[in-house]
Amino acid sequence: MQPVAQTYQDHSRAIWKLGMPLILSNLAQFAIHITDTVMLGWYDVTALAASTIAGTLFFVIFIVGAGFAQAVTPLVASAAEQGDEVQVRRVTRMGLWLSIFYGFIVTIPFFWAEDILIAIGQDAEVSRLAHIYLQIVIWQMIPALIVMTFKSFLAALEHTAIILWATIGTAVLNVFINYALIFGNWGMPELGIMGAAIASLSVTLITVLLLMIYILRVLPQFELFKNFWRSDGTILRRVFMLGWPIGATSLAEGGLFSASAIMVGWIGPIELAAHGIAIQLASLTFMVHIGFSQAATVRAGRALGRRDELSLRRGGMTAIGMSAIYAVITSLIFLAMPEFLVSLFIDPNEPERANLLRIGASLVMVAALFQLVDGLQVLALGLLRGVQDTAVPMVMAAISYWVIGLPVSYLLAFTLGFGAVGLWLGLVIGLAIAAALLLWRFWGRSVKIAPQVLAE
């Protein structure tokens, strides 16, 4: 555990020490998705479009359940700061219970994925390939949620190195499995998009095993898996009440991007493929902001456990500043070389390469605009989760994304005829409003640690 930070410099070092392994592990995790995108892009542009829409649907379902896993972080961090090992165990177990139950329920609709995609206006061939992909990836849901819960538990206890190395190892393994199964190398069958799905499932199962072994060997005092079947109604309700707004908030944001992918699909397969490339680039840089947000959640949770409002304020300001500096740097990179970045995802011999470069580059330039606002809004969410304030932020986010952002996207894209670029500009507006509201919530109310506030 890190000592209590006093100065802004202390907070900067503490956030960096805790956040860097989380940032790198997020990047390594995202490398798995990047690998799929790059290799499928070189394999076939239709397969790339199918994996984009399939991955979007899977992710938007996954992030709702991940809310229960994310609720584990502030609760464990606060309990650990008070030295309550029993509470740490109770919270994590019930987080696993909720994650597993949710995973069982949500896999059912995926069996009709092709019909659903066609019903929402997607291309028939894209829908067929996406269905093939999802029939394998659905079995990844429960293991992925378990991994998320384990990572939340370990991050709250500041055991972040294992998260980093386990993720790096499985990301490297994913490259080799993809190379073998997508293209049919090393004597393996050429499975295309199905091979990418098998690779993703395999590395998730391996990650579950690695993290479980680490927890049993390094953190045996928590007895996390002893009498695992025993229920704990009080803690179950607490994790649920904190976690479902987190999941709903993630759904509001993830659903915004999923809806944008669907609307781009209405424009055409080439635009959808370009959208997929631009989303991958923007999401790659966003992984760093998520790492800062995760570190902010842990630090805020520990400050809450100590009832240390000064530390909470200084830590929050430091985390926001670090995230903002990074956003400016990445925005400049996006503006300086958009075509080069998009070209990394496209086969030089692809017949539609010129169109993909043109559309993709324009989207990357718009993505530069929302680097700052997207980073600020996710950082604010991390701080709010750390002080266990999730219900009102959920409402603020939903209004920003869906009542404002999505309608503006539709207006700019279709009514005013700006196409995919207009759609992305609408996303910028929604994220900017979310950032403003969430930061106002934290600094105006949630930063004030007092019994009457915590009791609400």
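The second largest cavity in this predicted model has a volume of about 60 Å³, and the structure holds four cavities of 30 Å³ or more. Local features need pLDDT of at least 70, side-chain atom pairs count only at pLDDT 80 or more, and totals for chains, interfaces and linings use all residues. Residues are numbered from 1 along each chain as its sequence is written, and side-chain values use heavy atoms, with hydrogens and water left out.

**Cavity lining**

- The second largest cavity is lined by H11, A296, R299, A300, A303, S311, L312, G315, G316 and L383, while α10 (269-306) and α11 (309-336) are the elements that give two or more residues to this lining.
- By class, five residues of that lining are nonpolar, four are polar and one is charged.

**Helices α1 and α8**

- The axes of α1 (residues 8-43) and α8 (residues 193-218) come within 10 Å and cross at roughly 165°, and α1 and α8 are therefore roughly antiparallel to each other (angles over 145 degrees count as such).
- The crossing in which α1 passes α8 is right-handed.
- On the α1 side, I32, D36 and L40 meet I193, A196, S200 and V203 of α8, contact being heavy atoms within 4.5 Å; the residues of this contact divide into five nonpolar, one polar and one charged.

**Terms**

- On a 1 Å grid over the protein atoms alone, a cavity is a set of points where a 1.4 Å probe fits but cannot get out, and lining residues have an atom within 4 Å of a point.
- Helices are DSSP runs (H or I) of at least four residues, numbered from the N terminus.
- Asp, Glu, Lys and Arg count as charged, Ala, Val, Leu, Ile, Met, Phe, Trp, Tyr, Cys and Pro as nonpolar, and the others, Gly among them, as polar.

Note on methods: On a 1 Å grid over the protein atoms alone, a cavity is a set of points where a 1.4 Å probe fits but cannot get out, and a pocket is an open set with protein on both sides within 12 Å along at least five of seven lines; lining residues have an atom within 4 Å of a point. Grid points are joined across faces, edges and corners, and a volume is the space filled by probe spheres set on the points. Axes are lines fitted to C-alpha atoms, for helices over the stretch in contact, and angles run from 0 to 180 degrees between N-to-C directions. Angles under 35 degrees count as roughly parallel, over 145 as roughly antiparallel, 65 to 115 as roughly perpendicular and the rest as oblique. A crossing is left-handed if the near helix is turned anticlockwise from the far one by less than a right angle, and right-handed if clockwise.
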